Amino acid sequence: MSTALLLTIAVASILILLLLVIKAKVHPFVALLVVSLLVAIATGIPADKIMETIFSGMGNLLGHITIIIVLGAMLGAVIEASGGAESLAQHFSRRLGMKRTVAALTIAAFILGIPVFFEVGFIIVIPLIYGFSKVAQVSPLKFGLPMAGVMLTVHVALPTHPGAAAAAGILHSDMGWLMMLGILVSVPVGAVGYYVAKAMNRRRYHLSVEVLEQLQLAEPADAEGKAAPKVAPPGAMTIAGLIVVPIVLIVLGTLAHSMLAEGSALRATMMVLGNPPVALLIALALAAWLLGLRRGWSKEKLEDLTGHAIPGSASVILVAGAGGAFGKVLVESGVGKALALTLETLHLPLIPAAFILSLALRASQGSATVAILTTSGLLSQAVGDVTDMQRVLVTLAACFGGLGLSHVNDAGFWVVTRYLGLSVSDGLKTWTVLTTLMGLSGFAIIWLLWAVL
């Protein structure tokens with residue numbers, strides 16, 4: 001199939017998807033599956049491989065995020081019902097004031113994003129976002145957009161995550177310099193994201209019913225439907241500790257993997273404890289005891305709370321999984337490869353070529369990691385004659401290309417928009433625009449460094 005036809009099918013598929021979701025009001029899960037089937041048929045994927053490809057794309061993603069989302073939802077439900085999120089929000093709001101609180105949480109999200117995968121970190125901070133939104137009586141977008149933006153920035157730019165680390169290996173970039181320059185560029189990019197999100201929040205967005213219910217201030221009811229007696233909420237530091245526990249465990253697991261000898265019992269133990277699902281399970285157990293059972297909750301109430309968290313997370317899981325299926329179909333159809341070859345024939349200078357290739361691949365198939373790795377492979381021969389520092393900058397340009405244009409074929413788009421209560425059209429106006437502007441600002445800084453160095 002010709003390159004032009006493949007690219008036409010890719011563009012048409014995204015337009016059809018947007019029409020189905022925005023105009024026809026088809027549920028995103030169904031719309032994504034329908035468009036995935038249409039693309040698979042149109043691009044000539046063998047009939048016996050179509051559903052296998054869809055199952056593979058959905059299964060791979062769901063295997064990664066399902067446990068994390070469900071455990072994160074349960075942890076958030078326990079913290080929320082205890083009044084802990086509001087307690088923490090009130091504590092910091094009194095000390096810092098609203099403007100400084102948003103900035104402080106954005107900085108905290110930046111630090112959290114260095115060792116923790118984007119989706120995992122975002123799900124961990126969701127209870128905080130809801131709690132601060134309740135106390136301040138503002139949209140969760142005020143906190144969620146800048147926090148998600150900086151977390152995705154460090155996820156794509158720093159070699160503590162797979163995209164940048166693998167790109168460094170492919171392009172033979174120095175890992176230490178990549179880490180230092182990655183942080184150096186990510187800081188101003190995070191600041192750009194903070195101010196862009198602040199400007200976006202001047203406008204009001206309609207939130208989903210699920211998120212509006214989450215932000216209600218109603219008293220929790222007991223098993224008989226009566227308002228539960230008021231109990232003093234847990235201390236702010238208790239809640240902060242529960243949120244920090246999984247983060248610390250994940251960081252220790254990462255450090256143990258790289259610093260301790262293979263075969264070490266301590267290394268094996270820390271790697272198990274530092275696995276995100278295990279770390280969240282430990283945090284959930286601590287929350288159940290410290291916030292629930294120790295404060296007089298019955299086992300039935302705790303079971304009811306955690307059980308009710310599952311249906312709310314199901315929509316996020318299914319839509320994200322269908323997004324993974326759509327992305328997989330686009331990859332298998334050859335759309336990404338066709339786009340990369342088209343751009344490669346333009347013979348752009350290295351930095352623009354790395355950024356544009358990665359950005360186009362990100363837009364075409366959804367995965368930032370795939371975009372970064374594919375771009376690095378395509379440019380591996382072109383960087384043969386550059387200096388070590390220039391090699392690092394080319395790697396970073398590819399990484400920041402993977403930051404932009406997060407839209408309907410990206411599972412992360414659905415996670416962010418669903419948790420923040422955004423419609424698809426508002427998600428495109430906010431999250432997609434935010435990530436693209438942050439990616440462009442990173443590219444501008446890298447190109448400036450290239451000129452200077």
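A nonpolar core here is a set of buried Ala, Val, Leu, Ile, Met, Phe, Trp, Tyr and Cys residues joined through side-chain atoms within 4.5 Å. Buried means under 20% relative accessible area, exposed over 50%, and partly exposed in between, with a 1.4 Å probe and protein chains only. What you have open is a predicted model, where local features need pLDDT of at least 70 and side-chain atom pairs count only at pLDDT 80 or more, while totals for chains, interfaces and linings use all residues. Residues are numbered from 1 along each chain as its sequence is written, and side-chain values use heavy atoms, with hydrogens and water left out.

**Stop 1: the core**

Select F122, Y419 and W431. Of the 135 residues in the largest nonpolar core, these three touch the most other members. Helix α3 (residues 47-82) gives the most to this core, with 14 residues; helices are DSSP runs of H or I, at least four residues, numbered from the N terminus.

Now centre on F122. Which residues does F122 touch, not counting residues up to four places away in sequence? They are I129, G144, A148, M151, V415, V416, Y419 and L420, with contact meaning heavy atoms within 4.5 Å.

**Stop 2: α19 against α20**

Show α19 (411-420) and α20 (residues 424-452). The two pack at an angle of about 105 degrees, with their axes 10 Å apart. That makes α19 roughly perpendicular to α20, a label for angles of 65 to 115 degrees. The axes are lines fitted to C-alpha atoms, for helices over the stretch in contact, and angles run from 0 to 180 degrees between N-to-C directions.

For the contact itself, pick G412, F413, W414, V416 and T417 on α19, then V424, G427, L428, W431 and T432 on α20. These residues divide into 6 nonpolar, 4 polar and no charged.

**Stop 3: ring pairs**

The structure holds 8 aromatic pairs. Rings of Phe, Tyr and Trp (its six-membered ring) pair if their centres lie within 6.5 Å; planes under 30 degrees apart count as stacked, over 60 as edge-to-face and the rest as tilted.

Start with F413 and W414, an edge-to-face pair at 5.2 Å centre to centre and 90 degrees between the planes. F413 is buried at 0% relative accessible area, and W414 is buried at 1%.

Then slide along to F443 and W447. Their ring centres are 5.2 Å apart and the planes sit at 35 degrees, so this pair is tilted. F443 and W447 are 4 residues apart in helix α20, about one helical turn. F443 is buried at 13%, whereas W447 is partly exposed at 41%.

**Stop 4: L242**

Jump to L242 in helix α11 (residues 236-259), buried at 3% relative accessible area. Leaving out residues up to four places away in sequence, L242 touches A283, L286, A287, L290 and L291.

**Stop 5: two positive phi values**

Finish in the loops. K25 lies between α1 (3-23) and α2 (28-42) and has a positive phi of about 60 degrees although it is not a glycine. Is K25 buried or exposed? K25 is exposed, at 65%.

L405, in the loop between α18 (388-401) and α19, is also a residue other than glycine with a positive phi, near 55 degrees. L405 counts as partly exposed, at 28%.

Conventions. Parallel < 35°, antiparallel > 145°, perpendicular 65-115°, else oblique. Nonpolar A, V, L, I, M, F, W, Y, C, P; charged D, E, K, R; others polar.
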